[in-house]
Amino acid sequence: MNTSDCQYIRIQGVEQTFRTPKGQFPALRQIDLTVRKGDFVTLIGHSGCGKSTLLNLIAGLTTPSAGVLLCAGKEIAGPGPERAMVFQNHSLLPWLTCFDNVYLGVERVFGSAENKAQLRARTGQALELVGLAHAAGKRPGEISGGMKQRVGIARALAMEPKVLLMDEPFGALDALTRARLQDELLEIVAKTRATVVMVTHDVDEAVLLADRIVMMTNGPAATIGEVLHVDLPRPRSRVALADDPQYQHYRKAVIDFLYTRQAHVEKAA
Amino acid sequence: MVAAVFHSPLETPAAPAPAVTPAAAAMVAVASPAPVTAPPQAPARDLRGLWLAVLPPVLGFALLLLIWQAIASTADSGIPSPAQTWAQAVQVFAEPFYRNGPNDQGVGWNVLSSLQRVAVGFGLAALVGIPAGFAIGRSVFLSRMFNPLISLLRPVSPLAWLPIGLLVFKGANPAAIWTIFICSIWPMVINTAVGVQRVPQDYLNVARVLDLSEWKVFTTILLPAVLPYLLTGVRLAVGTAWLVIVAAEMLTGGVGIGFWVWDEWNNLNVASIIIAIFVIGIVGLLLELALVKLASLFTYEEVRS
């Protein structure tokens, strides 16, 4: 692995300050992070700590107040299909079928190089990957929340992004559906070898999925408190890991960080 | 107010539907002897539902006729009775499309010319209002620039614009169309602008992440997201336009349902005026129904987080 792969995403000295009616609000300060190609990184922290702010910066949806973000050696100047995003509330267009929702991204990325049949084949494959080939003709309003989120993942994956950004993708789902989608995601990532940055507030999700867990301090002016390397062999099985001492150790480390050192202090109103 | 008046009769078309069920059930029962033993309460209950659906509207119309008859039978009211009006209506509708010169034409021609004026005025308003609404919705600058003007002009009665139309266009017909234009443009501008402002940020983020072209954003995201709002604007605009055209035509003359009302008043033919009132109501109701139907085709479940 050469240096550019070791430092696939580089975040240097990033700060983010929002202008609010009450004055300047410092959301992030001194964020320094590098992500290797093919790594699965989770960002965890209490709500309001700027996890999503950081993810939006990597996506290019917002620009930092200070500092630089690089992806594959190039500065991130705006959003682009090479950094696909899976949104927390799936954000499917309700007037398009699942197929057309996925096709929209496929057409944008591969439309200039491939013909319609190839584009349609890609779209079909992506839906198959998330196990939704049968729902291709349905509108988002006609399928369950878990299925919508899988379409959202299919839309992102179909673009063959270099980086997959996920903003609490399973946060709105029930525990059983969430576990199933986590397992599916593990398989998909193993197959596609995508680089993933995922925001979560679920300790088990973070440990189960990640190669590295980036733990963030409380806001305002949040920063990276600690980075935990999760050295569990893949493929990982949630059942086998349930009583694995190594897994428990990582889990304990994250819980310790979140609830002992960064115990959430409610701000006086 | 228009909606309130027009909406209550909307429930009635749904009502006769249960009527099919008991009839169909009865036919099945006759065809095969086995289900005859089915509990007899079921059709009875259906019949009761039918009663509740049909009876109140029928009673409503009966009450109207009763009051009408009572007023008509007082000595010097000058209002023709429902029976006299009906007789007159049969005569009027026997030949709705006759022409005896420019001032004496059938009720069909009058309704069609009114509809034509509404269509032209409304179409021009849509051509100007919908793009203006998109521009105002997309740009904070334009929104701040035009909102005070719209707030100022919107409450003005459209008829106040009629003299300006007569002055500028030097003709009754263009002035009536101008009045329709000015009254239909506001609901379309405002609703389109609100619709554009309410396009969920998530959809626009999707567009940015996918890096879609402006045209693609417009056709696949903005337009479908705004369409329900836009159609509400269109519905309000058509409703107002149909209210206004009658009044405008009374003032401008020519051919049209409003002019027809005024003409019959000059002939002291009150039965025709009552007929015209029903015709105006029914045409307005049909316009409303058509647009509600159209809007329902383009309304999608909204995404909720």
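Trainee: In what order do the six strands of the open sheet in chain A run?
Mentor: This is a predicted model, in which local features need pLDDT of at least 70, side-chain atom pairs count only at pLDDT 80 or more, and totals for chains, interfaces and linings use all residues. Residues are numbered from 1 along each chain as its sequence is written, and chains are lettered from A and ligands numbered from 1 in the order in which they are written. Strands are DSSP runs of E with at least two residues, helices runs of H or I with at least four, both numbered from the N terminus, and two strands pair if DSSP finds at least two bridges between them. With mixed pairing, the order in chain A is E6-E7-E8-E3-E9-E10.

Trainee: Which strands of chain A are the edge strands?
Mentor: An edge strand here pairs on one side only. In chain A these are strand E6 (83-86) and strand E10 (224-229).

Trainee: What is the bridge partner of Thr42(A) in E8(A)?
Mentor: Strand E3 (residues 40-44) and strand E8 (residues 195-200) of chain A pair in the parallel sense over five bridges. Within E8(A), the partner of Thr42(A) is Met198(A).

Trainee: Which helix gives the largest share of the side of domain 1 of chain A that touches domain 2 of chain A?
Mentor: An automatic or database assignment sets the domain bounds, dividing chain A into domain 1 (1-82 + 164-263) and domain 2 (89-160). Counting contacts as C-beta atoms, placed from the backbone, within 7 Å, eleven residues of domain 1 of chain A touch 14 residues of domain 2 of chain A. The largest share of that domain 1 side, five residues, comes from chain A's helix H6 (residues 175-192).

Note on methods: Two residues are in contact if their C-beta atoms, placed from the backbone, lie within 7 Å.
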